[in-house]
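Here are my notes for your first look at this model. Keep the picture open beside you and take the points one at a time.

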Amino acid sequence: MSTFLEILSPSYLLFPALVGTAILGLVCPLIGSYLILRRTVFLGLTLPQIAAAGVSFTFWLQQTGFLLQWEQGERGIGMIGSLVFTFLGMGLLGYLEQRRKGIAEGRLAAAYALAGALTILFIVFNPAGQIEVLNLLKGEVIALSKGELRLLAAVFGLVLMGMLLFRREFLLTSFDRDLAFLSKGRQIIWDVLLYLLAGVSIAVGVILAGPLLLFGFLVLPALAARPLVNSMSSFLWLSSVLGLAMAFFGFYSSVRLDLPLGPTDVALGCCLIFLAYALRRISPKRALALIVLSSFALWSYGCGTTTPAAPLPEAKALSNETLWLAKVKNSTGLSLLLPSNNPLRSLAEMAGKISSDYRQSVMDLLREDLRRELEQRGFRIDLPEKTDARFPAFPADSGGAVRLAREGKLSGLIFISEIWRWEADSRQFVRVFADFKLIRIDDGTVLWERRIQRAVPTPSATNSGQASTDAATAIVHDLFTG
Amino acid sequence: MDRLYGTYLTSVRQLEVIELGHGIDAIQSARGRVSKDDSLPLVSLQNLTLGYDSEPVLQNVDLMIYPGDLIGLAGPNGSGKTTLFRAILGLLPILSGALSRNCPLSNFGYVPQSAALDAQFPLSTAEVVEMGAYGRIRPYEFFPAAEKKQIGKVLEQVGLRQLAARSFFSLSGGQKQRILIARALMVQPKIMILDEPLSGVDEESRKSISELLVGLTRHSGLAIFFSSHDIPMVRSVADRLLRVDKGRIWWEKKEVEIHP
């Protein structure tokens, strides 16, 4: 289990994702502050959705053959769609604003609904790769590569520079347009520049981090900072600091508790807002004491190591009883079949000439690795289906497993495994949630149990099948070594 | 970039305007025609018609503002006081007549009604005053130390130096108006235009703001043009009184008290 210091190490596998999230946490609140102060916060919600529509539109175009395959990969194509749609959307909303057609909130709400609908429709039209497109739209920042991190750093670095260089102009045009006109001439230049910076950040951020996380970083830190400050300069820096805190602690909680990053960060951001309003109600001294205590508690929680799990009892201690290794139960609702290495068999399977039974599954891999590991530890392994071929996979529920074993007239020990979640979203890691138990059949005692719930790194995998194979090996290794 | 921005600012600042009732086009064509003659009025309005969407609000406006003038504009709410101010400041195109300015727009100090500013902004008093200097500072420059000193000076001038770190929107109505006057002074103006500076403030603040305005005119030769719907109050402060009502505008003769 990772501690806070571990994830801060550059050698940590998901370090690029952490840095990427931190960059978003630092820069997005600066833009969001102006969106909130200008009362155009819904623009921060609508533009990411428009960008998402652009992503799904370009994938649909690519699938239908209107767009050539591009070497830069899926995210590159998606980014172009995201940029084009964001700026077209901004242009159209700006035009309608100037023509004063309808009310501002109404226009934004309609644009949001339309963009959301288009996003789904383009995904539905896409004849292939719906899951891949959905994954891209989710914008898993956790799968950020080093190249994408460099792009993110370059774009957001420029945006940060723009926000710092033109902070006075942005403040003046946002706060008092008449004084801005008298001091700096036509303020449209500064409006355009501010929305240009917002547009670029949103278009790039959506494809790399997803609409939810981006919107969260745009508005939540600024909303949390607002009740705590009395000046614009402190508002901007506190928004960024809270954005960074949201990025670090959200990332850490996501890794440690195996939660999706976007919703975790957003939930944490909302907690910050409640905390900020609570702090405002108490005296500054008490507020400071509370902040120090909370920081200490968080630090302890982050740096603390988890209690190591109890080791598997030794085979000798169990009087060399027969250990029945049950089939691994798949409770994910997915087939978890590994892709075929033989293209001819794949074609035959697609044509319906042969069934998919010949393909190995994650459950087979896991059971094979478990068998090898347990045999090496001196256990005498047997398989329940050898006594009766009708034996199904055993459930992780101890009572149910023991009952099934007794009905099958098994005696000795039984090792059961159940997979609740197995997602190879990216080649870099597999999200796993599985239970393992060693039970004595005679008295139903659970001698040993482990739950694995984490993202398992698979850095050397070249495809999802390889990632699953590597993940199964790593899990079985961790299972018995603690 | 430095040169480019310098050229842009110069063109904006040296925009001496002779508006001839053709709106923005007239402003654009008048670029660069700057009169340096101090005997000329700072602002001159001749037979001006003002309004919105070709609908006149004020007609036949004739007005000259010279350095050191303290002119009050009195009239009921909605009579066109703010419309006149916005036209003088170039924020509203004129419908007909002629408007000329003898100094660039950046020399106009404008004090809006404090209620018109958005209280959502977390601004300290010093930050509000600082905005008056933004026209002189390029985007990539640090805020100069001399300007920081100037903030202290103008706050001193309005008697609120001790409130520099306070939140602007937590101040009383009268204090906010004085801070906005300090911001206008920070512009280093030749003429100051104040929209209802005495509305929504208590009696004591009214008195101190009135004294401040008179003092600024007398001691620094600043021209001041301010408005109010409180006619007796304007009468007591201003040197000259302009009345506005029902689309008409006229000068009111000020009665001179003769003491035995």
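1. Two strands pair if DSSP finds at least two bridges between them. Strands (E, at least two residues) and helices (H or I, at least four) are DSSP runs, numbered from the N terminus. With that in hand, look at strand β7 (residues 191-194) of chain B and strand β8 (residues 223-228) of chain B: they pair in the parallel sense over four bridges. B:Met192 has B:Ile224 in β8(B) as its bridge partner.

2. A word on where this comes from. The model is predicted, with local features needing pLDDT of at least 70 and side-chain atom pairs counting only at pLDDT 80 or more, while totals for chains, interfaces and linings use all residues. Residues are numbered from 1 along each chain as its sequence is written, and chains are lettered from A and ligands numbered from 1 in the order in which they are written.

3. Now step back to the whole sheet. Which order do its six strands take? In this open sheet of chain B the order is β6-β7-β8-β4-β9-β10, with mixed pairing. At the edges are β6 (108-111) and β10 (248-252) of chain B, each pairing on one side only. On average, neighbouring strands are turned by 15° against each other, direction ignored; axes are lines fitted to C-alpha atoms (for helices over the stretch in contact), and angles run from 0 to 180 degrees between N-to-C directions.

4. Four bridges join β4(B) and strand β9 (residues 240-245) of chain B in the parallel sense, and B:Leu73 faces B:Leu242 in β9(B). By contrast, β9(B) and β10(B) run antiparallel, over five bridges, with B:Arg243 partnered by B:Trp250 in β10(B). Their hairpin has two residues between the strands, and B:Lys246 takes a positive phi near 50° there.

5. Next, the helices on this sheet. Helix α6 (residues 173-186) of chain B lies across β6 and β7 of chain B, at about 165° to β6(B). Helix α7 (residues 203-220) of chain B packs on the sheet and touches β4 (70-74) and β8 of chain B, its direction making about 155° with that of β8(B). Contact here is counted when the C-beta atoms of two residues, placed from the backbone, lie within 7 Å.

6. Strand β2 (residues 43-52) of chain B is antiparallel to strand β5 (residues 96-101) of chain B over five bridges, and B:Gln46 stands opposite B:Ala98 in β5(B). Seven bridges also join β2(B) to strand β3 (residues 55-65) of chain B, again in the antiparallel sense. β2(B) and β3(B) form a hairpin with two residues between them, where B:Asp53 in the turn has a positive phi of about 50°.

7. Finally, where do the chains meet? In total, 21 residues of chain A are in contact with 23 residues of chain B. On the chain A side, α8 (167-175), α9 (177-184) and α12 (232-257) each supply at least two residues. The largest share, six residues, comes from α9(A).
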